[in-house]
Amino acid sequence: MGGQGHASASVTAGRGTAFGASHGRAKWVWERWTRWPFTGAVMTVAALAVIVDVGTAWAGVSFGLLGRVPVSPALPLGLLLAAMIGLNRLGLDRTNRRAWREFLVVGGGVLAYVVVSYSLHIGGPSEAAGLVLAALGEELVYRLAVIIVVGALSARLLGRNWRNASEWGNAPGLIALLVGSLVFSALPGHIAQMSDALHALPFASLGFVLGYAVLRTGALVPAAIVHALLNLVTLTVLAGDMTIVSRNALSTAALFALVIGTIVAGLRLGILRRAPEVVDLPSITGAEPTA
């Protein structure tokens, strides 16, 4: 009897410390990356899109110019890849549009204003359209194709299910984002704007932030809006119609809005949740711990 009483006391003490901790602090946790299903055909098209875009960028080959903006030969492959993944899985479904609604309304309105202003005062409508199309094309390649190829290969090497991004786990996704941002930074048009290695950081950071928003929520359009806006204001600065200070302020605001939009979308989609740091197993199962 004395032994049983001692065991019971030990169980009670254990329940008050280890299991009771679950009622304390909690933290916000992303449950997964977005759900993108892959097949061998998807991987092949994604790899081709990356090879063609990087290769033709360095070779100076394009489908032609819209104003001064070259149209990448990889654009059809990027669009085909998007169709194979499914436009609804890239943020065009009703649920994702509602999750991003404020950003899409405000960001889309700002982009429309900048496009009209650029068309009237700087490069004309053709060049403005070219800058928006270039942003979309680069998002399809560096925020979709590169992430798919690198993330799936990383997941496979780590022994995880590579056929859906939602089952990769954190490491493959982060590796894919890092590689995507580095490849994006190494494009010839970006390198031409760098005077030293330190100037690569803004491009790599931009690529990582855009990619994170896409891989977390699946929505490609918000990242494309920010990218197009940055393209337009950069050339506006070069044309002398905007100061660098104004450009930096607008760029910072756009990226901050994208980060906030990603968090809000994650909450609305139910993939960013508040979770206890320690799980109270007895309260979940309804069972009492044993000695």
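**Pockets, core and ring pairs**

The lining of the second largest pocket comprises 14 nonpolar residues, two polar and one charged, where Ala, Val, Leu, Ile, Met, Phe, Trp, Tyr, Cys and Pro count as nonpolar, Asp, Glu, Lys and Arg as charged, and the others, Gly among them, as polar. The model is a predicted one, in which local features need pLDDT of at least 70 and side-chain atom pairs count only at pLDDT 80 or more, while totals for chains, interfaces and linings use all residues. Residues are numbered from 1 along each chain as its sequence is written, and side-chain values use heavy atoms, with hydrogens and water left out.

This second pocket has a volume of about 290 Å³, and Phe-103, Val-106, Gly-107, Ala-254 and Ala-257 lie nearest its centre among the 17 lining residues. A pocket here is an open set of points on a 1 Å grid over the protein atoms alone, where a 1.4 Å probe fits, with protein on both sides within 12 Å along at least five of seven lines; lining residues have an atom within 4 Å of a point. A volume is the space filled by probe spheres set on the points, which are joined across faces, edges and corners. Helix 11 gives the most to this lining, with seven residues; helices (H or I, at least four residues) and strands (E, at least two) are DSSP runs, numbered from the N terminus.

The largest pocket, in turn, has a volume of about 1500 Å³. Its lining holds 46 residues, with Gly-189, His-190, Gln-193, Phe-203 and Asn-231 nearest the centre. Helix 10 gives the most to the lining of the largest pocket, with seven residues, and the lining divides into 25 nonpolar, 17 polar and four charged residues.

Five aromatic pairs are present, with ring centres within 6.5 Å, the six-membered ring being used for Trp, and planes under 30 degrees apart counted as stacked, over 60 as edge-to-face and the rest as tilted. Trp-30 and Tyr-212 pair edge-to-face, at 6.4 Å centre to centre and 90° between the planes. Trp-30 is buried at a relative accessible area of 19%, whereas Tyr-212 is partly exposed at 23%; buried means under 20%, exposed over 50% and partly exposed in between (1.4 Å probe, protein chains only).
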